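Work through the exercises below with the sequence and the model open. Each task is followed by a solution in steps.

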Amino acid sequence: MGRRTALGLGLATALAGLTGCTTWQGGVGGFLKTRLKDMMEMADIGVTVTETAQFSFYAALLSVGPGGYGEVNGRFYGMGGGDIGAMKIQYKHVGLMAWGQEEVGWGDGLCGNFGDPDPNDPEKINKQGVGIVGIVRPPYDGRPGGRPT
């Protein structure tokens, strides 16, 4: 590897370290695990299985145009909520285009260490308003990771 290549890689690594969400805690392995988690938060792909029949028909385009209703408490198999594997999922969504509200809780998969979703624990359930009206109204405790949906 030439000097210029090494200097370029070093500079790129240093700039990546300034992005704010980069952590070297745990060394290279910790860094790669964080990037994997970032990747897994980009989409939820899998199948949800419930013990009883439940209903969900809901979508929210960039948290601005929510529509539908859904309430599900079951087990999700796939990649979702920033984790992968078989994990508990609990959600309740309602959307009327200009206004909507979402409550989402993910349990632990292969990478998690938060425990099961609990609607009484704000650290385990994300509640947020969506839609043009819903974003400016309570609840305000929506975490940035849940936006946009």
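The exercises concern a predicted model.

**Exercise 1. Describe the chain as a whole: which elements does it have, and in what order do they run from the N terminus?**

Step 1. Count the elements: the chain has three helices and six strands.

Step 2. Read them in order. From the N terminus the elements run α-α-β-β-β-β-β-β-α.

Step 3. Turn to burial and surface. Of the 149 residues, 25% count as buried. The chain exposes about 9800 Å², and carbon and sulfur atoms supply 63% of that area.

Step 4. Look at the contacts between residues at least 6 apart in sequence: 44% of them join residues at least 24 apart.

**Exercise 2. Trace the pairing around strand E3: how many bridges join E3 to E4?**

Step 1. Start with strand E1 (residues 45-49), which pairs with strand E3 (residues 65-80) in the antiparallel sense over five bridges. Isoleucine 45 has methionine 79 in E3 as its bridge partner.

Step 2. Go on to strand E2 (residues 55-61). E2 and E3 run antiparallel and are joined by seven bridges; in this pairing, phenylalanine 55 stands opposite glutamate 71 in E3.

Step 3. Inspect the turn from E2 to E3. The two strands form a hairpin with three residues between them, and leucine 62 in the turn has a positive phi of about 55°.

Step 4. Finish with E4. E3 and E4 run antiparallel with 14 bridges between them, and tyrosine 77 stands opposite alanine 86 in E4. Two residues lie between the strands of this hairpin, where glycine 81 takes a positive phi near 65°.

**Exercise 3. Decide whether aspartate 83 is buried or exposed, and list what surrounds this residue.**

Step 1. Apply the cut-off. Aspartate 83 counts as buried because its relative accessible area is 5%, and buried means under 20%.

Step 2. The side chain of aspartate 83 reaches the backbone nitrogen of glycine 109 at 2.8 Å.

Step 3. List the contacts, leaving aside neighbours within four places in sequence: Met40, Gly78, Asp108, Gly109, Leu110, Cys111 and Gly112.

**Exercise 4. Find the salt bridge: which side chains meet in it?**

Step 1. Count the pairs in the model; the total is one salt bridge.

Step 2. Name the partners. Lysine 88 and aspartate 116 meet through their side chains, with 3.4 Å from N to O. The pair links distant parts of the chain, 28 residues apart: lysine 88 is in strand E4, and aspartate 116 is in the loop between strand E5 (100-106) and strand E6 (126-130).

Step 3. Check the accessibility of both ends. Lysine 88 is partly exposed at 36% relative accessible area, and aspartate 116 is also partly exposed, at 42%.

**Exercise 5. Identify the residues of the nonpolar surface patch of about 670 Å², and classify isoleucine 132 as buried or exposed.**

Step 1. List the members: Leu61, Leu62, Val64, Ile132, Val133, Ile135 and Val136 make the patch.

Step 2. Locate one of them. Isoleucine 132 lies in helix H3 (residues 131-134).

Step 3. Classify this residue. Isoleucine 132 has a relative accessible area of 63%, so this residue is exposed; the cut-off for exposed is over 50%.

Key. Residues numbered from 1 in each chain as written. Predicted model: local features only at pLDDT ≥ 70, side-chain atom pairs only at ≥ 80, totals over all residues. Heavy atoms only, no water. Patch = residues over 30% accessible without salt bridge, like charges linked within 9 Å, V, L, I, M, F, W, Y side chains within 5 Å. Areas by Shrake-Rupley, 256 points an atom, 1.4 Å probe, with all protein chains shown as cover. Salt bridge = Lys/Arg side-chain N within 4 Å of Asp/Glu carboxyl O. Helix = DSSP H or I, 4+ residues; strand = E, 2+ residues; numbered from the N terminus. Buried < 20%, exposed > 50% of the residue type's maximum accessible area, 1.4 Å probe, protein only. Contact = heavy atoms within 4.5 Å. Polar contact = N/O pair within 3.5 Å; in protein donor to acceptor, adjacent residues only side chain to side chain. Pairing = 2+ DSSP bridges.
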